Amino acid sequence: MKPDWAWTREPWPWILMSGPAAVILAGAATIWLAFASADGLVADDYYKRGLAINQVLAREDNARRLGVRASIEAAQGRLRVTLAGAAPEALFAQLAHATRAGHDVRLRLAPVAAGVYEAELPPLPAGRWSVVLEDPRREWRVVQEGL
């Protein structure tokens, strides 16, 4: 007896099979994306980083206790920081992009007047930046959002 292939000319079997086929294709694409893309947000040493947060917070508390305050200006290719409450021999500024760690910049600012520090500022991509100021001995730090 010869099989009857007349059902292949009907639209309903194809319509009913298209749903599960689409799910299988979407699942395969999702699995491929999961394995092909790196998860950059998860750190291998998350426990050590968590412990380091306490040290960072202690440095910020130390800056508050010492009365260290900063005013930051970025204009004409220069970063200018006016510092009150401390007078280190130099100042370090970490400019951190909110979403792109590859664009982060670390600068050494030299004193130009009492409580005023400056450094040449490289061109920065648009976006939200945070500025972390530290003394050379890493005893305190001041964090400010926006540049």
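**Salt bridges and a nonpolar surface patch**

Glu145 has a relative accessible area of 53% and is therefore classed as exposed, where exposed denotes over 50% relative accessible area, buried under 20%, and partly exposed the range in between, computed with a 1.4 Å probe and with protein chains only. The structure is a predicted model, in which local features need pLDDT of at least 70 and side-chain atom pairs count only at pLDDT 80 or more, while totals for chains, interfaces and linings use all residues. Residues are numbered from 1 along each chain as its sequence is written, and side-chain values use heavy atoms, with hydrogens and water left out.

Side chains of opposite charge can pair when their charged atoms come close. With a salt bridge taken as a side-chain nitrogen of Lys or Arg within 4 Å of a carboxyl oxygen of Asp or Glu, the count comes to 8 salt bridges. One of these joins Glu145 to Arg128, with the closest N and O atoms 3.4 Å apart. Because Arg128 lies in the loop between strand S5 (116–120) and S6, and Glu145 in strand S7 (residues 141–145), this pair ties together parts that are 17 residues apart in sequence; strands here are DSSP runs of E with at least two residues, and helices are runs of H or I with at least four, numbered from the N terminus. Arg128, at a relative accessible area of 56%, is likewise exposed.

A salt bridge is also formed by the side chains of Glu134 and Arg106, at 3.3 Å from N to O. This pair links distant parts of the chain, since Glu134 belongs to strand S6 (residues 129–134) and Arg106 to strand S4 (residues 105–113), 28 residues apart. Glu134 counts as buried at 5% relative accessibility, whereas Arg106, at 44%, counts as partly exposed. Together with Arg59, the residues Arg106, Glu134 and Arg138 are linked in a network of salt bridges.

Apart from the charged pairs, Trp5, Trp7, Trp14 and Met17 make a nonpolar surface patch of about 480 Å². Patches are made of residues with over 30% relative accessible area and no salt bridge, like charges being joined within 9 Å and nonpolar side chains (Val, Leu, Ile, Met, Phe, Trp, Tyr) within 5 Å; accessible areas come from the Shrake-Rupley method. Within this group, Trp14 is placed in helix H1 (residues 11–36) and, at 46% relative accessibility, counts as partly exposed.

Conventions
Areas by Shrake-Rupley, 256 points an atom, 1.4 Å probe, with all protein chains shown as cover.
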